[in-house]
Amino acid sequence: MLFRFREAQSIELGLSKPKQRRPHLASQANTLDEAERWRRDVISEISRNVSKIHDASLPETHIRDLNDSINKLLRAKNHWEDRVLELGGPDYKKIGPKMIDHQGKEVPGNRGYKYFGRAKELPGVRELFDSSHQGGRGNAASMKRNNRAELIKHADAVYFGFCDENDDGELLEYERKVTEQRIQKLRSAHDATLDSDGNESSSSSSSTNDDDSENES
């Protein structure tokens, strides 16, 4: 509390500037210096969380929250690095250090999500790593094939969208209206064709009668 009071007091006296919050979207940064700054800010926060997650006194829930936060920050770092590149800066994905990324481990079949520090020892996570190490690459490939086979086995008509019309009946009602409109349009066109043919027939008959009367006279 005392620290916050002194910080607010120094801001009021003009001795320091208020701390800016990092933009939620990397696209909100309009200059290269700004994008570089927020990238460094994200990396600093990742480093602090990676240090915290090695603490042996942390409860399991806190470890899970920290690990989720690190993964979110890693995604944010990628966004900021993309923004830096868009604004004409270096490609950090090629030249940047990978020490933080290498500290995390991915479970086979769960690409993109990494476990750091004590999160690797969480119940269920440790077993996944142990099974992947024992089975090696062949086991990981078999796991992927089994997962794909299981997904295909459970893919039914609903998965492929064949039962979408059963949800609320809106699609069936729309199809019925469109069908009625098309039928009505075809009937109107057919009636117009019949009327046209009838008019041509009557005019032809009239001209024939006129020719016969002229011949008789």
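**Reading the features**

Visitor: Over which ring does the charged end of Arg37 sit?

Guide: The charged end of Arg37 is placed over the ring of Trp38, 4.3 Å from the ring centre. A charge sits over a ring if NZ of Lys or CZ of Arg is within 6 Å of the ring centre and within 35 degrees of the ring normal. Arg39 is another case: it lies over the face of Tyr92, at 3.6 Å from the ring centre.

Visitor: What should I know about the model before going on?

Guide: This is a predicted model, in which local features need pLDDT of at least 70 and side-chain atom pairs count only at pLDDT 80 or more, while totals for chains, interfaces and linings use all residues. Residues are numbered from 1 along each chain as its sequence is written, and side-chain values use heavy atoms, with hydrogens and water left out.

Visitor: How many helices and strands does the protein have?

Guide: The protein has 7 helices and 2 strands, taken as DSSP runs numbered from the N terminus (helices H or I, at least four residues; strands E, at least two). Along the sequence the pattern is α-α-α-α-α-β-β-α-α.

Visitor: What share of the protein counts as buried?

Guide: Of its 217 residues, 20% count as buried. The cut-offs are under 20% relative accessible area for buried, over 50% for exposed, and partly exposed in between, with a 1.4 Å probe and protein chains only.

Visitor: Is Ile53 buried or exposed?

Guide: Ile53 is buried, since its relative accessible area is 0%. This residue is in the loop between α2 (32-52) and α3 (60-86). Contact means heavy atoms within 4.5 Å. Leaving aside neighbours within four places in sequence, the contacts of Ile53 include Leu58, Ile63, Leu66, Phe116 and Arg118. The C-alpha atoms of Ile53 and Arg64 are 9.0 Å apart, and the two residues are 11 apart in sequence.

Visitor: Which residues does Asn49 contact, leaving aside neighbours within four places in sequence?

Guide: Asn49 is in contact with Leu66, Ser69, Ile70 and Leu73. Asn49 belongs to helix α2 and counts as buried at 7% relative accessibility.

Visitor: Where is Glu81 found, and is it buried or exposed?

Guide: Glu81 is in helix α3, and its relative accessibility of 3% makes it buried. Apart from neighbours within four places in sequence, its contacts are Arg39, Tyr92 and Lys93.

Visitor: How many residues separate Ala26 from Glu81 along the chain?

Guide: They are 55 residues apart along the chain, with 8.9 Å between their C-alpha atoms. Ala26 lies in the loop between α1 (2-12) and α2 and is buried at 14% relative accessibility.

Visitor: What share of contacts between residues at least 6 apart in sequence joins residues at least 24 apart?

Guide: That share is 58% in this protein.

Visitor: How many aromatic pairs are there?

Guide: A pair of aromatic rings is described by the distance of the centres and the angle of the planes. Rings of Phe, Tyr and Trp (its six-membered ring) pair if their centres lie within 6.5 Å; planes under 30 degrees apart count as stacked, over 60 as edge-to-face and the rest as tilted. The count here is 1 aromatic pair. The ring centres of Tyr113 and Tyr115 are 5.1 Å apart and the planes are at 70 degrees, so this pair is edge-to-face. Tyr115 is buried, with a relative accessible area of 14%. Tyr113 is 41 residues from Lys72 in sequence and 9.3 Å from it, C-alpha to C-alpha.
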